[in-house]
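Thanks for coming, everyone. Let me put the structure on the screen, and then we will walk through it.

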Amino acid sequence: MEIFQSTIQGLFETSGFNGLGIREIIMIFLSFVLFFLAIVKQYEPLLMLPIAFGMLLTNLPLTGLYHPELWDPATNPYFAPEYIEQGANIFVNFTKETSLDYGRVLHDGGLLDMLYLGVKLQIYPPLIFLGIGSMTDFGPLIANPKSFLLGAAAQGGIFFTFLGACLLNLTGIAPFTLKEAASIAIIGGADGPTAIYLTSKLAPQLLGSIAVAAYSYMALVPVIQPPIMKALTTEKERAVKMGQLREVSKLEKVVFPIAVTIIVSLIVPSAAPLVGILMFGNLLKESGVCDRLVKTAQNELMNIVTIFLGITVGATAVANNFLSWKTIFIIVLGLIAFCVGTACGVLLGKLMYLISGKKINPLIGSAGVSAVPMAARVSQKVGAQTNPSNFLLMHAMGPNVAGVIGSAVAAGVLLSVLG
C-alpha cells in the first residue's frame with residue numbers, strides 16, 4: 001500500500017498538475033478565447049490559431065517546450081570580448097554589450113526555443129514580407145503616386161502613440177522604456193510582421209502581448225474603421241466618384257521594386273530587411289520569369305513560416321510577462337495608435353479632396369494603414385453605402401500598399417534611433 005501511495009505521489013509531483021497555478025490557468029483560458037476568435041469569429045485565423053496554440057503550450061507546466069529564462073540576458077549572459085592588438089600586445093575589451101548565449105539555447109532549449117530562433121534572429125518577418133511582396137500589385141500606387149502621401153499620413157498613429165507612451169512614463173502612470181514605447185506604437189501600423197520584427201529587437205519581453213494586440217486589431221478593421229471614417233467625413237465627400245486609374249506598364253512594375261529598395265535602403269538602412277525582401281518578392285512576381293519561385297513564396301514558404309511564426313510568438317506569452325498592467329496599457333495604446341492612424345489618413349484625404357477640386361474621395365485615406373487588403377475593402381464598403389455606384393477599391397489599394405512600405409520605414413526609423 002505504501003509503495004502504491006508513493007508511486008501515485010511521485011506521478012503527481014512529476015506531472016503538470018503539480019506546477020499548475022492560478023496564473024497558468026488564466027493564460028490557458030485566454031488561449032481558449034483566442035481559439036474562439038480564430039475558429040468561430042475567423043479573426044485572422046491563419047496566425048491567431050497558431051498564436052493561441054503556442055500560448056496554450058507555453059503555459060502548460062513542465063512541458064519543457066519553451067524556456068523564457070534562456071532569452072533573458074540577465075539570467076543568460078556571456079561576454080564576447082574583442083581582442084585589440086596594439087604593437088606586440090593584445091588587449092581584451094570587455095565593454096561590448098552583453099548578448100545571449102545561443103549555444104546554451106541550442107543545448108538546453110526545447111522545441112519552441114529552437115523555432116523561436118527564427119524570431120530572435122529576425123528571419124521569419126522578412127520571409128513573411130517575401131510572400132506578401134509576391135502577392136502584391138503595386139499598380140494602383142504607381143498609377144497614383146499621391147497615394148504615398150496617404151500611406152505616410154496613416155503612420156501618424158505610430159509616432160503619436162510613441163510620444164503618448166513616453167508621456168505615461170514621465171508622469172509615472174506606466175513605466176515604459178523608450179524601446180517598449182516604440183514597440184507598442186508600431187501596432188498603429190496594422191502590420192503584424194513589422195510589429196513582431198521591431199518588438200523582437202527592442203522589447204522581446206512584450207512580444208506576446210504586442211502580437212496578440214496587433215493581429216486582433218488587424219482582424220477588427222471592419223469594426224474599428226467605419227465609425228471613424230463616417231465621423232470625419234460628410235455624406236457629400238463619401239459619395240465622390242473617382243476616375244479610372246491609368247494602365248501601368250510592365251516596365252514600370254519591374255523598375256518600381258528596384259527603385260524603392262535603393263531609395264529606402266539609402267535613406268533608412270534599418271528598414272532594408274523588411275522593405276528589401278518585400279520588393280524582392282514583388283520583383284519575382286512582376287518579372288514574369290520566376291513562376292516556380294513566386295508560387296513557392298506565395299504558398300509553401302509563406303504557410304510554413306506563418307506556422308512557425310505564430311506558434312513561437314504565442315509561446316512568448318508566458319504568464320509572468322503577459323499578466324501585468326503593461327498588457328492592459330498595450331491593448332489600450334495599440335487601439336489608440338490604430339484609430340489615430342486611420343484618422344490621420346482620412347484627414348489628409350479630406351485635404352486632398354479640397355486641393356484636387358473635390359475629385360478625391362477622402363475615404364481612401366483610411367486604407368493607409370497596412371492591413372492589406374482588408375482596409376481597402378472597408379473603404380470600398382463605406383463608400384458604396386453612401387453611393388452604390390461608387391467603386392473605390394482600386395483607388396484605396398494605392399494607399400493600402402503604400403502603408404505596407406510606410407510601416408516598414410517607420411519601424412526602420414524607430415530602430416535606427418533606439419536600436
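**The fold in outline**

Of the chain's contacts with a separation of 6 or more, 77% are between residues 24 or more positions apart. Contact here means heavy atoms within 4.5 Å.

A word on the source. This is a predicted model, where local features need pLDDT of at least 70 and side-chain atom pairs count only at pLDDT 80 or more, while totals for chains, interfaces and linings use all residues. Residues are numbered from 1 along each chain as its sequence is written, and side-chain values use heavy atoms, with hydrogens and water left out.

The chain has 22 helices and 4 strands. Both are DSSP runs, numbered from the N terminus: helices are H or I with at least four residues, strands are E with at least two. Of the 419 residues in the chain, 50% are buried. Buried means under 20% relative accessible area, exposed means over 50%, and partly exposed is in between, with a 1.4 Å probe and protein chains only.

Next, total surface. The chain exposes about 19600 Å², and carbon and sulfur atoms supply 68% of that. Accessible areas come from the Shrake-Rupley method with a 1.4 Å probe; for residues, only the protein chains shown count as cover.

**The core**

How many residues are in the largest nonpolar core? It has 115, and Phe138 and Leu309 have the most contacts inside it. Helix 22, residues 393–418, gives the largest share of this core, with 12 residues. By nonpolar core I mean a set of buried Ala, Val, Leu, Ile, Met, Phe, Trp, Tyr and Cys residues joined through side-chain atoms within 4.5 Å.

There is also a second, separate core of 5 residues. Among them are Leu284, Cys290, Val294 and Ala297.

Back to Leu309. Leave aside its neighbours within four places in sequence, and Leu309 touches Leu47, Val119, Tyr124, Ile128, Ile196 and Tyr215.

**A nonpolar patch outside**

Now the surface. Phe160, Trp325, Ile328, Val332 and Ile336 form a nonpolar patch there, with about 540 Å² of accessible area together. Patches take residues with over 30% relative accessible area and no salt bridge; like charges are joined within 9 Å, and nonpolar side chains (Val, Leu, Ile, Met, Phe, Trp, Tyr) within 5 Å. Helix 20, residues 325–355, supplies the largest share, 4 residues. Trp325 lies in that helix. Trp325 is exposed, at 67% relative accessible area.

**Salt bridges**

Side chains of opposite charge can pair when their charged atoms come close. The whole structure holds 6 salt bridges. The rule is a side-chain nitrogen of Lys or Arg within 4 Å of a carboxyl oxygen of Asp or Glu. Here are some of them.

Lys253 pairs with Asp137 at 3.4 Å, N to O. This pair links distant parts of the chain, 116 residues apart: Lys253 is in helix 15 (residues 250–267), and Asp137 is in the loop between helix 6 (124–135) and helix 7 (139–143). Asp137 is partly exposed, at 31%.

Glu237 meets Lys350 at 2.9 Å, N to O. Glu237 lies in helix 14 (residues 235–238) and Lys350 in helix 20, so the pair ties together parts 113 residues apart in sequence. Is Glu237 buried or exposed? Glu237 is buried, with a relative accessible area of 8%.

Glu252 bridges to Arg246 at 2.8 Å, N to O. Glu252 is partly exposed at 28%, and Arg246 is partly exposed at 41%.

**Aromatic rings**

The count comes to 9 aromatic pairs. Rings of Phe, Tyr and Trp (its six-membered ring) pair if their centres lie within 6.5 Å; planes under 30 degrees apart are stacked, over 60 edge-to-face, and the rest tilted. Take Tyr66 and Tyr116: their ring centres are 5.9 Å apart and their planes sit at 85 degrees, so the pair is edge-to-face. Tyr66 and Tyr116 are both buried. Ring pairs join Tyr66, Trp71, Tyr102 and Tyr116 into a cluster.

Which peptide bond is cis? The one from Val372 to Pro373, with omega near -10 degrees. Pro373 is in the loop between helix 20 and helix 21 (374–386).

Gln42 is not a glycine, yet has a positive phi of about 55 degrees. Gln42 is exposed, at 58%. Gln122 also has a positive phi, near 55 degrees. Gln122 is buried, at 19%.
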